[in-house]
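Q: I would like to learn how to read the features of a model such as this one, step by step. Please show it to me, and begin with the way its segments are named.

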Amino acid sequence: TAMLSACSDDETSDLIPEPSISISALESEIGALNFSINVENAEQCAYVCMNANESLPTTADEIFATGTSIKLTDKNKLSIRVPVDKQITYAVIAAAANQTGKTISNKLQLTPLKDEDPGTEDPGANRYHFFNRRITLSA
């Protein structure tokens, strides 16, 4: 039986593992969304970024057909920057494929920073400022 298990181990090592893909948010900026795509065992990769109120593609085939394809490098983590012109919430979803199969990522919702957002230099002071103003208004 030891020889049999050695044989089956050899066979499985020839199979290409299923691709895997996930996306995570990076810090947004004014007029652009930033996110990273983590991909493994993929030969192809694409993403779709659209208004979160519209219906996102739900299959890898749809994402490959309508999305933006990504040139894969030897890196597994790719940083993507998408310029946007509207101050709305966007949804992002990605797909990966290889000879073994296709898979889709988690869905991510991103919103670009507003022009008047002071950024992240001192969120504490900012919060206090808004808090103060609210008190003044309600008084």
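A: Helices (H or I, at least four residues) and strands (E, at least two residues) are DSSP runs, numbered from the N terminus. Ala97, for example, is found in strand β6, which covers residues 90-97. The model is a predicted one, in which local features need pLDDT of at least 70 and side-chain atom pairs count only at pLDDT 80 or more, while totals for chains, interfaces and linings use all residues. Residues are numbered from 1 along each chain as its sequence is written, and side-chain values use heavy atoms, with hydrogens and water left out.

Q: Is Ala97 buried or exposed?

A: A residue is called buried under 20% relative accessible area, exposed over 50%, and partly exposed in between, with a 1.4 Å probe and protein chains only. Ala97 has a relative accessibility of 3% and therefore counts as buried.

Q: Which residues is Ala97 in contact with, leaving aside its neighbours within four places in sequence?

A: Contact means heavy atoms within 4.5 Å. With those neighbours left aside, Ala97 is in contact with Pro19, Ala42, Glu43, Gln44, Phe64 and Lys102. A separation between C-alpha atoms is another kind of reading: Ala97 and Val39 are 58 residues apart along the chain, and their C-alpha atoms are separated by 9.9 Å.

Q: Where does Ser105 lie, and what does it touch?

A: Ser105 belongs to the loop between β7 and β8 (108-110), and with a relative accessible area of 7% it is buried. If residues up to four places away in sequence are not counted, Ser105 touches Ile21, Ser22, Ile23, Ile93 and Ala94. Asp74, by contrast, is exposed, its relative accessible area being 77%; this residue lies in the loop between β4 (68-69) and β5. From C-alpha to C-alpha, Asp74 is 9.9 Å from Glu40, and the two are 34 residues apart in sequence.

Q: What is the order of the strands in the open sheet?

A: Two strands are taken to pair if DSSP finds at least two bridges between them. The open sheet of 3 strands has the order β1-β2-β5, with antiparallel pairing. The strands β1 and β5 stand at its edges with a single partner strand each, so one side of each is left without a neighbour in the sheet. From one strand to the next the twist averages 25°, where axes are lines fitted to C-alpha atoms (for helices, over the stretch in contact) and angles run from 0 to 180 degrees between N-to-C directions.

Q: How many bridges join β2 to β1 and to β5?

A: Strand β1 (residues 20-25) pairs with β2 in the antiparallel sense over 6 bridges, whereas β2 and strand β5 (residues 77-83) pair, also in the antiparallel sense, over 7 bridges. Asn38 stands opposite Lys77 in β5. The hairpin of β1 and β2 has 6 residues between the strands, and in it Gly31 takes a positive phi near 80°.

Q: Which residues form an aromatic pair, and how are their planes arranged?

A: Rings of Phe, Tyr and Trp (its six-membered ring) pair if their centres lie within 6.5 Å; planes under 30 degrees apart count as stacked, over 60 as edge-to-face, and the rest as tilted. By this rule the count comes to 1 aromatic pair. Phe35 and Tyr47 form it in an edge-to-face arrangement, 5.5 Å centre to centre and with 80° between the planes. Because Phe35 lies in strand β2 (residues 32-40) and Tyr47 in strand β3 (residues 44-51), the pair ties together parts that are 12 residues apart in sequence. Both Phe35 and Tyr47 are buried, and 7 of the 9 residues of β2 are buried, so that strand is largely enclosed by the rest of the structure.

Q: How many salt bridges are there?

A: A salt bridge is a side-chain nitrogen of Lys or Arg within 4 Å of a carboxyl oxygen of Asp or Glu. By this rule the count comes to 2 salt bridges. One of them joins Arg81 to Glu29, with the closest N and O atoms 3.0 Å apart; this pair links distant parts of the chain, as Arg81 is in strand β5 and Glu29 in the loop between β1 and β2, 52 residues apart.
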